[in-house]
Amino acid sequence: MAKKQRCQFKNDGTPCSSAAIRIVGDCPHCESHFCGQHRLPEQHACVNLESCKAAAFEKNREKLEGERTVSSKLVSV
């Protein structure tokens, strides 16, 4: 049987002793494994958090630009 993965969060050099959660405990940005308490990028001080926020901001900006409505000009006869 495989050994349980432990949370990779370290606070002042002291590692977290909790077991890592499968699937939702995997950070897609830094590719580390975390417990329920440290699974969010803000909680484990993710090194790629700023690039993640920038990518999400850009994606949202592009979506909003695509949904922009422009009023048509009416021609008076």
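Modeller: A nonpolar patch on the surface is formed by Ile21, Ile23 and Val24, which together have about 290 Å² of accessible area. Such patches are made of residues with over 30% relative accessible area and no salt bridge, like charges being joined within 9 Å and nonpolar side chains (Val, Leu, Ile, Met, Phe, Trp, Tyr) within 5 Å; accessible areas come from the Shrake-Rupley method with a 1.4 Å probe, and for residues only the protein chains shown count as cover. This is a predicted model, in which local features need pLDDT of at least 70 and side-chain atom pairs count only at pLDDT 80 or more, while totals for chains, interfaces and linings use all residues. Residues are numbered from 1 along each chain as its sequence is written, and side-chain values use heavy atoms, with hydrogens and water left out.

Val24 lies in the loop between strand 2 (14-15) and helix 1 (49-66); helices (H or I, at least four residues) and strands (E, at least two) are DSSP runs, numbered from the N terminus. With a relative accessible area of 48%, Val24 is partly exposed, that is, between buried (under 20%) and exposed (over 50%), with a 1.4 Å probe and protein chains only.

Turning to the cysteines, with a disulfide taken as a pair of cysteine sulfur atoms within 2.5 Å, the count comes to 0 disulfides. The sulfur of Cys7 has its closest cysteine sulfur in Cys35, 3.7 Å away and too far for a bond. Cys7 is buried, at 4% relative accessible area.

As for charged pairs, the whole structure holds 1 salt bridge, meaning a side-chain nitrogen of Lys or Arg within 4 Å of a carboxyl oxygen of Asp or Glu. Arg61 forms a salt bridge with Glu58, their closest N and O atoms being 2.5 Å apart.
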